[in-house]
Amino acid sequence: MKLAIIAALLLAACGGKSTSPGTAGGGPRGASAAGAVVQATGTPRTDLIPREVIFGNAERTNVQISPDGKHLSWTAPHDGVMNVWVAPIDKLETARAITSETARPIREYAWAYTNKHVLFKQDVAGKENYHWFRADLADGKVTDLTPYEGAMVELGGLSPKLPTKAVFMINDRDSKVLDVHEVDLLTGKRTLLAQNDPAFSGFVLDHQLRPRFGTKRLPDGAIELQKLGSDGMWTVFDTVAAEDADTTGIQAFAPTGKALYMMDSRGRDTAALMTIDVASKRQKLLAEDAKADVAELMIHPTKHHVQAVAFEHERIRWHVLDASIKNDLAALARLELGDVTIRSRTLDDRIWLVATEADDKPLRYHLWDRKKQLSTPLFAERPALQQIPLVKMRPVAIPARDRLSLVSYLSLPANADPDGDGKPTAPLPMLLFVHGGPWSRDHWGFNRIHQLFANRGYAVLSVNFRGSTGFGKKFLNAGNLQWGKAMHDDLIDAVEWAEKSGIARRDKVGILGGSYGGYAALVGVAMTPGVFACAVDIVGMSNLHTFMTSIPAYWAPELATLYTRVGNPNTPEGKALLTAASPLSHADKITQPLLIGQGANDPRVKQAESEQLVAVMKRHHLPVTYAVFPDEGHGFANPANNIAFFAVTEAFLSAHLGGSYQPITPDELAVSSMQIKTGKAGIPGL
């Protein structure tokens, strides 16, 4: 697992996760007992966006085209749960569900190159014991391709050269490492391709799905790129120093298999795209950006050459390498405002499935016929939002105290910014929404948290603090050993900027986040008292010692990354650092109301992280509301749980920041698994 994978494992998508707030004992500070749809002034509002429209199931999402171009697929509700649907591309109205999950939504799937099967990933109750299944288009029969109890399975690759095969990484032999297996999609037979005795964190497969390179993390945080020889032995191909280890790595094989595509930050700040000859190790620069790392590659489906490279600073910018697609991308950019991504394409590369994303519109899908240069609009993910006025999200650069520039995103209520200049007519209550990871980043585009709370009357600000990815290695490495320190200082600097800019009311700023963002919310009220009026923590770490010692076994190859970036619990200095940066160490100082949401089955940030903090706060009679979801893990997959949690969050924030909220309904609570363990009295309407 490279840093991006660890970041994904630690990332909680708050746009779909939930939790609940309150006080320990009496009613919330400043709360109205009425629980009506009101502003702080008591004026009724009729323009609140229903929570279900934002947090309920999308009508259709994750749209893909089959490799042969004959079918279109997507996930959509089937008996209330997101399943995979398929339709002939010229008869979308005949779509039918080919899966029948009844408990948890399908969030990841892929077409097999047979064109007769769809592969999908599923776990049980958020425990992340993922299996991969095959669903047959003909009869909807579902087969478990990886029926290994308790194992972690990742899809390693698919290839049109081997349409009936897939490569999976599986840890059923040794829970600490993932071995490489080929699985026959028709029979389920698996064949070991590489046993992971070197404890690689990742493998690179060639176009025939053979493992050719492995990535090994060294104790000092550096990485070794090792090459598998014809004799079955691994030898060191290259070594990358720790400062470049997470902005340098092999991305794919070039067309001939004799060269590699590699993102590389060595000798520069931002990661550029290079080719490297496997035999001579000579490099050639293909694309670079002075402000952003390589974000995404667009690779031809059968010829395997890179056609375009995406860089993302404030927004996505495509750098075209293959002139044959230049007119296509230019034409797509003219279709409508928003950022364009190619989600899937046919093997003959004639038809592209295109998504366009804007800040004030739901994601929309199109088919692009390259031969005819013709776009066919399909549908929006959430068409109900097309009828609702949404707000703009504005990129802003906020200076940190040491002059680092923090790319951030600000959304304002429509009535607070009538001239659309990005400045409210008067300071507003503000919600600081902190991303997870932390080795991830915030993006421009439609954001459910921004839209919900801007609609409720808040300014909403998201900050790419140091340690966020995509802005070069100096910015990333500036976050090393800075949990609860300079990383949090960036958030405080952003709050001060918002106050000085006339955006935020000094006494009405709340902080909300999931995973690392939840940790930041806890740090906000435990270690920077007086800055935030309240906090919402979703599956956040409270004790970095227990967090580091209870991570999943298969993170073992990346422990050096955590030690380098967070702190090493095996050294006296590291222990002291982790103690000082743990919100639990400062829990008795929390005086502002806190809402905590936790999935009972979370394998990454275990329930004990919330339990031990709540115990301390209750012992000191401090204001906390604690909600547990027994059928969830690291964040909340069930839309009913998201709706219930954000119903509670709205009411909580209204009580302490003064914005509007939509009343909690008995039905919302009844269909959710949410259990409020303590602090129910702190939530208006409960």
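Start at His 304: at 11% relative accessibility, this residue counts as buried. Buried means under 20% relative accessible area, exposed means over 50%, and partly exposed lies in between, with a 1.4 Å probe and protein chains only. His 304 sits in the loop between strand S21 (294-299) and strand S22 (306-312). Its phi is positive, about 70 degrees, although His 304 is not a glycine.

The model is predicted: local features need pLDDT of at least 70, side-chain atom pairs count only at pLDDT 80 or more, and totals for chains, interfaces and linings use all residues. Residues are numbered from 1 along each chain as its sequence is written, and side-chain values use heavy atoms, with hydrogens and water left out. Helices (H or I, at least four residues) and strands (E, at least two) are DSSP runs, numbered from the N terminus.

**Stop 2: Glu 128**

Now select Glu 128, in the loop between S6 and S7. Its phi is near 65 degrees, a positive value in a residue other than glycine. Glu 128 is buried, with a relative accessible area of 6%.

**Stop 3: the sheet around S7**

Select S5, S6, S7 and S8. They form an open sheet of 4 strands in the order S5-S6-S7-S8, with antiparallel pairing. Strand S5 (109-111) and S8 are the edge strands, and each pairs on one side only. Neighbouring strands of this sheet are turned by 25 degrees against each other on average, direction ignored. Two strands pair if DSSP finds at least two bridges between them. Axes here are lines fitted to C-alpha atoms, for helices over the stretch in contact, and angles run from 0 to 180 degrees between N-to-C directions.

Colour S7, residues 131-136. How many of its residues are buried? The count is 6 of 6. In a regular strand the side chains alternate between the two faces of the sheet. In S7, His 131, Phe 133 and Ala 135 point one way. Trp 132, Arg 134 and Asp 136 point the other way.

Look at the partners on each side:

- Strand S6 (residues 117-122) pairs with S7 in the antiparallel sense over 6 bridges.
- Phe 120 has Phe 133 in S7 as its bridge partner.
- His 117 stands opposite Asp 136 in S7.
- Strand S8 (residues 142-144) runs antiparallel to S7, joined by 3 bridges.
- Ala 135 has Val 142 in S8 as its bridge partner.

Follow the chain from S7 into S8. The two strands form a hairpin with 5 residues between them. Gly 140, in the turn, has a positive phi of about 75 degrees.

**Stop 4: Arg 134**

Stay in S7 and show the side chain of Arg 134. Is Arg 134 buried or exposed? Arg 134 is buried, with a relative accessible area of 7%. A polar contact of 2.8 Å joins its side chain to that of Asp 136. The Arg 134 side chain also reaches the backbone oxygen of Leu 185 at 2.6 Å. A polar contact is a pair of N or O atoms within 3.5 Å; within protein, one must be able to donate a hydrogen and the other to accept it, and residues adjacent in sequence count only if both atoms are side-chain atoms.

Next, show what Arg 134 touches. Not counting residues up to four places away in sequence, its contacts include His 117, Leu 119, Lys 141, Thr 143 and Leu 186. Contact means heavy atoms within 4.5 Å.

**Stop 5: Pro 438 and helix H4**

Move to Pro 438, in the loop between S30 and H4. A cis peptide bond joins Gly 437 and Pro 438, with omega about 0 degrees.

Then select H4, residues 448-455. This helix is mostly covered: 7 of its 8 residues are buried. Among them are Ile 449, Leu 452 and Phe 453. The buried residues pack against several elements, including helix H2 (51-55), strand S29 (405-411) and helix H12 (639-657).

Check both ends. Asn 447 caps the N-terminal end of H4, with a side-chain oxygen 3.0 Å from the backbone nitrogen of Ile 449. Gly 457 follows H4 and has a positive phi, near 105 degrees.

**Stop 6: H6 against H7**

Finish with helix H6 (residues 486-500) and helix H7 (residues 516-527). Their axes come within 11 Å and cross at roughly 75 degrees. That makes H6 roughly perpendicular to H7. Angles under 35 degrees count as roughly parallel, over 145 as roughly antiparallel, 65 to 115 as roughly perpendicular and the rest as oblique.

Select Met 487, His 488 and Leu 491 in H6; they meet Tyr 516, Ala 520, Val 523 and Gly 524 in H7. The residues of this contact divide into 5 nonpolar, 2 polar and no charged. Ala, Val, Leu, Ile, Met, Phe, Trp, Tyr, Cys and Pro count as nonpolar, Asp, Glu, Lys and Arg as charged, and the others, Gly among them, as polar.
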